[in-house]
Amino acid sequence: MLTGMHLLLSGIVGSVAYGLAGPGSDTDRIGVFAAPTVAFHGLHPPRESVVTTDPDVTLHEAGKYAKLALSGNPTATELMWLPDDCYETRTEFGERLIAIRSAFLSAPRVRDAYLGYATQQFRKLTSRDSSVGGRRRSAKHARHLARLLHQGRVLYATGVLEIRLADPEWFRAFGERVAGGALDEAEALVAAAQRDFDTIRTPLPERPDEATVEGWLLDVRAAHLPPAG
């Protein structure tokens, strides 16, 4: 899957990392890889992402990953904040990426990304039917809505992304209530989060530290040039 490429950092994300996994939950993985630098100058540049569904793995090329994380993308961002037991590959460049994780953060992008993704989950909730399968999906969307809002508020307020939830049972119970018809509770949670983002005094900067991120990326590119001959 990564012929000629080098995995820099990878780990288990999603429900397993959050502490929300149930008996039927999938194990999702995400990673960052480096492609040979000269390949970017040829007719067929490297793929920016490699995605498989069995198992569920998403791998992003270093440049693509950096852009996603700079945009505030929650799934990309969480790779740099995982509990130690969730990492499966940690190279020197992966460790450096973790060390500069705060450089990717900015107040407007964190707010927009986490509220935006939570709103997407709410829209999915309102489009589901009331069948057993639909209820199961609705409970999942409700859990992730609540989780995104919680993580986004904590990150916005503290500058730290909480991956493993302290009280996963609350999120499970919330999901079941919403799936059972309490859509007003989900709507109220979104509205409360919007008010919180308006009032929280965040330590996050207005813009991410792109110079630090670019320094890491350029070092990745330099390290994957062919040997001087």
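User: In which helix is Q151 found, and is Q151 buried or exposed?

Analyst: Q151 is found in helix 6, residues 132-158, where helices are DSSP runs of H or I with at least four residues, numbered from the N terminus. This is a predicted model, in which local features need pLDDT of at least 70 and side-chain atom pairs count only at pLDDT 80 or more, while totals for chains, interfaces and linings use all residues. Residues are numbered from 1 along each chain as its sequence is written, and side-chain values use heavy atoms, with hydrogens and water left out. Buried means under 20% relative accessible area, exposed over 50%, and partly exposed in between, for a 1.4 Å probe and protein chains only; Q151, at 1% relative accessibility, therefore counts as buried.

User: With which residues is Q151 in contact, leaving aside its neighbours within four places in sequence?

Analyst: Contact means heavy atoms within 4.5 Å, and on that criterion Q151 touches Y18, Y114, L161, E162 and I163.

User: How should I read the aromatic pairs, and how many does the structure hold?

Analyst: A pair of aromatic rings is described by the distance of the centres and the angle of the planes. Rings of Phe, Tyr and Trp (its six-membered ring) pair if their centres lie within 6.5 Å, and planes under 30 degrees apart count as stacked, over 60 as edge-to-face and the rest as tilted. The structure holds 3 such pairs. In one of them, the ring centres of Y156 and F197 are 4.9 Å apart and the planes stand at 70°, so this pair is edge-to-face. Because Y156 lies in helix 6 and F197 in helix 8 (residues 183-199), the pair ties together parts that are 41 residues apart in sequence. Both partners count as buried, Y156 at 9% relative accessibility and F197 at 3%. By contrast in geometry, the rings of W170 and F174 have centres 5.3 Å apart and planes at 10°, so that pair is stacked.

User: Where do W170 and F174 lie, and which residues join them in a cluster?

Analyst: An α-helix has 3.6 residues a turn, so residues three or four places apart point the same way. Here W170 and F174 both lie in helix 7, 4 residues apart, about one turn of the helix. W170, at 35% relative accessibility, counts as partly exposed, whereas F174, at 1%, counts as buried. Ring pairs link W170, F171 and F174 into a cluster.

Notes
Helix = DSSP H or I, 4+ residues; strand = E, 2+ residues; numbered from the N terminus.
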